[in-house]
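Notebook open, structure loaded. I'm jotting down what I look up as I go.

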Number of protein chains: 2
Amino acid sequence: MKKLQRIIKTRAQIISESILKVDSFLNHQIDYDLMEAIGEEFFHYFKEKNVDRVLTIEASGIAIGMATAKFFQKPFVFAKKKKPNTMSGEVLSTKVVSFTKNIAYDISLSSEFINFGENILIVDDFLARGNAALGLCKLVEKAGANVAGIGIVIEKSFQPGREMLLAKGYDICSLARIKSLKNNKISFY
Amino acid sequence: MKKLQRIIKTRAQIISESILKVDSFLNHQIDYDLMEAIGEEFFHYFKEKNVDRVLTIEASGIAIGMATAKFFQKPFVFAKKKKPNTMSGEVLSTKVVSFTKNIAYDISLSSEFINFGENILIVDDFLARGNAALGLCKLVEKAGANVAGIGIVIEKSFQPGREMLLAKGYDICSLARIKSLKNNKISFY
């Protein structure tokens, strides 16, 4: 997705060889038109998958999930990183380790929002080691639903997430695949 | 906003006399068409205010901020409840007490995303005692910007947030004003 690559080139900041800061357009301030273009790309890639629902994770996934849901005309749901005190009934949860943030946390989802047999499209902002995406896949499968695919905005292709998820048979669409952040330079596949 | 009142009547669950669960359409699973209608209502109400930017708070505010930003054709930014390790430069922050969740937390915002003199429209899902909205107003004013107004999806009008914010001179647009949740019944103004 050329537009996204151009925005990353001009507006992202390289923090280290493994961390890219995209606060100005993706996960702190958000560019609506970019989100819409992202949603449309995911729709284009996954439109034959009979998607019943879009699933993402708070907080950075929400704008992406919403833009994607717009094109599929389906509801979207976001997993929570803390179980709120109003979440009742059957709750699906699993543990996710974030190496970027150096923490482990539980993600939770009310089981009423994913039905048995549905095709669920997972979307998220980053794919690095793949732990968040894998956690979302586990929630989908705990509900007896199918992972229709995984849509990622920015993939750090120098980390093993993509291979791990492909090996498990998931279909992945990454809109920008970063080969390297070395020497203070962003290079794409 | 009649559509919103109808959805609240049919899909919200009364948890107690002060807590309403809106997980099925507003803050866990999200209905895209409803979000768009909400964004359009806020645009209609605040369109003369020369809004430069929309500000909300993670996580439940994000979909609302995005829908509002769509109509204003302006960027939106969400304050964070934890300072991420990629947030650098000057950070604006203030403390917010949540009575619903029974916790106090800091909200943070990179100062680069609110400029001196800008008109900032604040939007959020709920207004109860008004602490989250007031915290966002404080961030805006710390940046030397103006609060153009406060757009709220669901106001618990039996709690003092509205009066407190009106007394401070803020313009509030609440799309659904709940008078009472007593006797397991939702009544609106």
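I started at B:Ala59, which I found in the loop between strand 4 and helix 3 of chain B. For these labels, helices (H or I, at least four residues) and strands (E, at least two) are DSSP runs, numbered from the N terminus. The peptide bond leading from B:Glu58 into B:Ala59 is cis, with omega near -10°. I checked the other chain too: the bond from A:Glu58 to A:Ala59 is cis, with omega near -5°. A:Ala59 sits in the loop between strand 4 and helix 3 (61-72) of chain A.

Bookkeeping before I go on. This is a predicted model, in which local features need pLDDT of at least 70 and side-chain atom pairs count only at pLDDT 80 or more, while totals for chains, interfaces and linings use all residues. Residues are numbered from 1 along each chain as its sequence is written, and chains are lettered from A and ligands numbered from 1 in the order in which they are written.

**Entry: how the copies relate**

I looked up the superposition next. Chain B goes onto chain A by a rotation of 180° with 0.0 Å of shift along the axis, at RMSD 0.0 Å.

**Entry: the interface**

I noted 26 residues of chain B in contact with 26 residues of chain A. Contact here has C-beta atoms, placed from the backbone, within 7 Å. On chain B's side, strand 3 (29-30), helix 2 (32-46), helix 3 (61-72) and strand 5 (76-79) each supply at least two residues. Helix 3 of chain B gives the most, with 5 residues. By class, that side has 15 nonpolar, 5 polar and 6 charged residues.

Do the copies meet through the same or different surfaces? The same one, because 100% of the interface residues of chain B are also interface residues in chain A.

**Entry: sheets that cross the chains**

Strand 5 (residues 76-79) of chain A pairs with strand 3 of chain B, antiparallel, over 2 bridges. Pairing takes at least two bridges found by DSSP. A:Phe76 stands opposite B:Ile30.

I then traced one open sheet of 7 strands with mixed pairing, in the order 11(A)-10(A)-9(A)-8(A)-4(A)-5(A)-3(B). Strand 11 (187-188) of chain A and strand 3 of chain B stand at the edges with a single partner strand each, so one side of each has no neighbour in the sheet. Helix 4 (residues 131-142) of chain A lies across strands 4, 5, 8 and 9 (146-156) of that chain, at about 165° to strand 8. Such angles run from 0 to 180 degrees between N-to-C directions, using lines fitted to C-alpha atoms, for helices over the stretch in contact.

Another open sheet of 7 strands reads 3(A)-5(B)-4(B)-8(B)-9(B)-10(B)-11(B), also with mixed pairing. In chain B, 8 bridges join strand 8 (residues 119-127) to strand 9 (residues 146-156), in parallel. B:Leu121 is partnered with B:Gly149 there.

A:Gln73 has phi near 55°, a positive value in a residue other than glycine. A:Gln73 lies in the loop between helix 3 and strand 5 of chain A. Buried or exposed, with how many other C-beta atoms within 10 Å of A:Gln73? Exposed, with 10. The cut-offs are 20 or more other C-beta atoms within 10 Å for buried, 12 or fewer for exposed, and partly exposed in between, with C-beta atoms placed from the backbone.

B:Asn183 also shows phi near 55°, again positive in a residue other than glycine. B:Asn183 is in the loop between strand 10 (172-180) and strand 11 of chain B, and it is exposed, with 8 other C-beta atoms within 10 Å.

Terms used:
Contact = placed C-beta atoms within 7 Å. Nonpolar A, V, L, I, M, F, W, Y, C, P; charged D, E, K, R; others polar. Least-squares fit on C-alpha atoms with pLDDT ≥ 70 in both.
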